[in-house]
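Subject: Structure handover

Hello,

Here is the structure we spoke about, with notes on its side-chain contacts below. Please look through it alongside the text.

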Amino acid sequence: MSIAISLRNCGKTWPGGARGLLPIDMEITAGETLVLLGPSGCGKTTLLRLIAGLELPDDGGTVLFDGKEVTRLPIERRNVGMVFQSYALFPNMDVAANIGYGLRVRGIPKNETQKRVAEMLEMMRLTDFRHRRIDALSGGQRQRVALARAIAPRPQVLLLDEPLSALDARLRDQLRQEIDALLRALGITAIYVTHDQSEAMALGDRICVMEAGRIAQIGSGRDLYHNPANEFVAHFIGDANKNVVINGEVILRPEDLRLRPNPNGAFIITRVTFLGPVLRVMVRHDDGQELRADVPDDPSLQPGTQVEVILRKSSLMAAER
């Protein structure tokens, strides 16, 4: 059974006075996947640790699970599962023993533990590896073991702290799809920390973009992309041209621009990079202003070509924002 989570006036000040998290209020709906997205040091992991019970908020802050205050309950009494970037597996145990560890420390009977471990091995496609040592597994297999261990005790909340950041790009994409399918199947409340916008967009029912210890904006990936609250969000979700004004509009997204060769055009192409699906073209205006455009492959777009810039749609943010 999933639960709703409420945070009220939750901030975190470290010894010495450094502010890790400014006081925030947040509501997480039962069964949703909320992604905490932002650069290193923005407070996303600190927020996750407050929800987990690994850190206490500053005085006046409260954490509630389904309306019940759990602010001072330690992690082992919150019925949460946690998956770490480093896997945190026990090298002296095999795969099955690692998965069953949380069940054993909770005093679950042996026969029930064995049954649950078998279910997890099958779900994670690890049945053939049940007696394999952890140091004999690949990075992807270790992450599956970590996931299986976290969900084996049937937690009400699953917390994931950058679980894919140590993997290569291809494996990261594969496991991201598997995690998404797993979360949908379980219907569990999940909070996922990442600095990767692709992960955030793929996994989050909602995304919480964080900046310097505060919440910059919360919303669906579509909302954040098309209606960013400020320039920071616009640049962190997707790509954007900064402070560019054409015809009274601020142009943010490179894909909103189209380029047309024109000997009288006000821009000149300075660089062209082939990225497969698109060309990334850098252009410079007569006044020195630079733009970045992602456009369909076109052999006529070469460095030194004069072009005009066409707006594919209206700007994403008004100039005063």
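The count of salt bridges comes to 14. Please keep in mind that this is a predicted model.

One of the salt bridges joins Glu32 and Arg206, with 2.7 Å between the closest N and O atoms. Glu32 sits in the loop between β2 (19-28) and β3 (33-37), while Arg206 belongs to strand β9 (residues 206-211), so this pair ties together parts that are 174 residues apart in sequence. Glu32 counts as buried because its relative accessibility is 7%, under the 20% limit. Arg206, with a relative accessible area of 23%, is partly exposed.

Another salt bridge lies within a helix. Glu119 and Arg116 have their closest N and O atoms 3.0 Å apart. Both residues are in helix α3 (residues 110-123), where they are three residues apart, about one turn of the helix. Arg116 is buried at 11% relative accessibility, and Glu119 is partly exposed at 30%.

Arg214 and Glu211 also meet through their side chains in a salt bridge, at 2.9 Å from N to O. Arg214 has 32% relative accessibility and counts as partly exposed; Glu211 is partly exposed too, with a relative accessible area of 22%.

Now the aromatic residues. There are two aromatic pairs. Phe90 and Tyr101 make a tilted pair, 4.6 Å centre to centre with 50° between the planes. Phe90 is in the loop between β6 (80-83) and α2 (95-105) and Tyr101 is in helix α2, so the pair ties together parts that are eleven residues apart in sequence. Phe90 counts as partly exposed at 26% relative accessibility, as does Tyr101 at 32%.

The rings of Phe232 and Phe236 also pair: their centres are 5.7 Å apart and their planes are at 20°, so this pair is stacked, the limit for stacking being under 30 degrees. Phe232 and Phe236 are four residues apart in helix α8 (residues 231-236), and are therefore separated by about one helical turn. Phe232 is partly exposed, at 22% relative accessibility.

A charged side chain also meets a ring: Arg253 lies over the face of Tyr225, at 4.1 Å from the ring centre.

Best regards

Key:
Residues numbered from 1 in each chain as written. Predicted model: local features only at pLDDT ≥ 70, side-chain atom pairs only at ≥ 80, totals over all residues. Heavy atoms only, no water. Phe/Tyr/Trp six-rings, centres within 6.5 Å; stacked < 30°, edge-to-face > 60°. Helix = DSSP H or I, 4+ residues; strand = E, 2+ residues; numbered from the N terminus. Buried < 20%, exposed > 50% of the residue type's maximum accessible area, 1.4 Å probe, protein only. Lys NZ or Arg CZ within 6 Å of the ring centre and 35° of its normal. Salt bridge = Lys/Arg side-chain N within 4 Å of Asp/Glu carboxyl O.
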